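These are my notebook entries on a structure that I looked through.

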Amino acid sequence: MSAVDVRPDAGEPAVRQPELAVFVELARAQPVPTVRIDTQSLIAAVAKQRSTRIRWASAGAVVAIAAAWLLWVAIDRRAWLQGTEATRDEAPRVLDGSRDGGEVRAAEPGGTAGERATIVAPEDPIEPPQPTPPAGAAPSDEASTDDETKPTEPVLDADELARRAEKAMAARRRDEAIALLTTLVRRFPRAPAAKAALLDLGRLLRVDGRPDDARCAYRLLVARWPSEAKAPEITRVLASLGDGPECRGLKPLR
Amino acid sequence: MSGTVTWDVGRTPQAEAAIIIAAAQRGDAAAIAELFASHRQQVARHVLRMTGDASCVDDLVQEVFIAAFSALTGFRRDAQFDTWLYTIAANKVRNWWDARRRRSVREQSAIGATPAESRGPEEEVLAAEHLKHFYAALGSLPDKLREAFTARAIEHMSLQDASRVLEVPVSTVSYRTRRAEELLCAALGLPPPPTRGDDG
């Protein structure tokens, strides 16, 4: 078998079959019709095509911006939720209004179909979590109106605030401890450390001769953790403090 | 589209063409009109030779120029405008052949409804019949083979020119052209073309 040279010859004919060449010559000889296209209508069609492309591109850009904005909002919200230190242990509390001093009335087992559970908001509202100010920023307005509640460090987390409060209490720096605990309770109302902080806060305020503030701390503790309402210490302390002004969070309404 | 462009008589055709294309890329209506006027018959000839159907020439030429002017901003100025237009025309004609294959028998009969098929002397009628059969056979070829044969045989392009407009190597153009020739001869009932060794 001989090898076949497949390299094209630069001068190779396009048509080698003479009879086919006749057909090809006929094709080449076709009279070209005069193009009857109006130039202005062609330009208008091109402009229309371009504007359509621009519209689609603009719509695509708007969709991309909207998607980016939604993504940013989602990320930002997630970061905010993480800032409130909502842990898995605390998550059920979000749905359980009764534990926040409210009441959940579920449908009875024998109730009618379609009966819905109702949630009653707590009378003593939970203070919303305060946004964490940036490092070096001034304390919030509320904190600035109350010297006792000024945070010493604006960007501390709940555990760090609790640790510092412990140190302050150990060093008998009562005012500093009260300020740190107040900050912890207001800034991280859901944090596990807030429960112990309210107990300590109530005790410190009572020792400091501020019974109305102490009463508010204990009431807030009971509102947030109703199971603590029957704790002997709290029952006894609240009884000793007696009735006093209504509270709004940690502040007595005088 | 705004502004106008003027052309000096003393410039070379290449320089003048580059100026016109640049103006058209900026959206200059006069430049676009000039480009269209100077290339429309050339594109019409390509389209006619690719399709063999004079009745579709206007539509395809319009499609080619709308596509070309819409995408003109992406045209590289170092490229040949003629080559670019030919490539666009080949793509449009490829779509046309695809659509034609799907058409009904009634529409296929319109192949003969061209000026070339008008009743007249016997030779003209015979030529029209030959063209009809030839383009029917050409249309039955795969796109790549048809395009190579059209560029090389009907447009009389060199291997290098066909390679450039079809964007494939020279050897590929050569192979496709020869393969298309074999298939056309078979479809038209002609003897097969001589092999390379027979050429001498």
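**Disulfide.** I looked up the cysteine pairs and found a disulfide joining Cys216(A) to Cys247(A), with an S to S distance of 2.1 Å. The criterion I applied is a pair of cysteine sulfur atoms within 2.5 Å, and by this rule the count over all chains comes to 1 disulfide. Cys216(A) belongs to helix 8 (residues 211-224) of chain A and Cys247(A) to strand 3 (residues 247-248) of chain A, so the bond ties together parts that are 31 residues apart in sequence. I took helices (H or I, at least four residues) and strands (E, at least two) as DSSP runs, numbered from the N terminus. The torsion about the S-S bond of Cys216(A) and Cys247(A) is about -85°, and the disulfide is therefore left-handed. Both Cys216(A) and Cys247(A) are buried; buried means under 20% relative accessible area, exposed over 50%, and partly exposed in between (1.4 Å probe, protein chains only).

**Basis.** I note that the model is predicted: local features need pLDDT of at least 70, side-chain atom pairs count only at pLDDT 80 or more, and totals for chains, interfaces and linings use all residues. Residues are numbered from 1 along each chain as its sequence is written, chains are lettered from A and ligands numbered from 1 in the order in which they are written, and side-chain values use heavy atoms, with hydrogens and water left out.

**Other cysteines.** I also checked two cysteines of chain B. Cys56(B) is buried at a relative accessible area of 7%, and Cys185(B) is buried at 1%.

**Aromatic pairs.** I found 8 aromatic pairs over all chains. Rings of Phe, Tyr and Trp (its six-membered ring) pair if their centres lie within 6.5 Å; planes under 30 degrees apart count as stacked, over 60 as edge-to-face and the rest as tilted. Phe75(B) and Phe81(B) form an edge-to-face pair, 5.6 Å centre to centre with 85° between the planes. Phe75(B) also pairs with Trp84(B), tilted, at 4.8 Å and 45°. Phe75(B) is buried, with a relative accessible area of 5%. Phe23(A), Phe134(B) and Tyr135(B) form one aromatic cluster.

**Thr83(B).** I located Thr83(B) in helix 4 (residues 81-102) of chain B. Thr83(B) is buried, with a relative accessible area of 16%. Leaving aside neighbours within four places in sequence, Thr83(B) is in contact (heavy atoms within 4.5 Å) with Arg164(B) and Val165(B).

**Helix 6 of chain A.** The buried residues include Ala177(A), Leu181(A) and Arg187(A).
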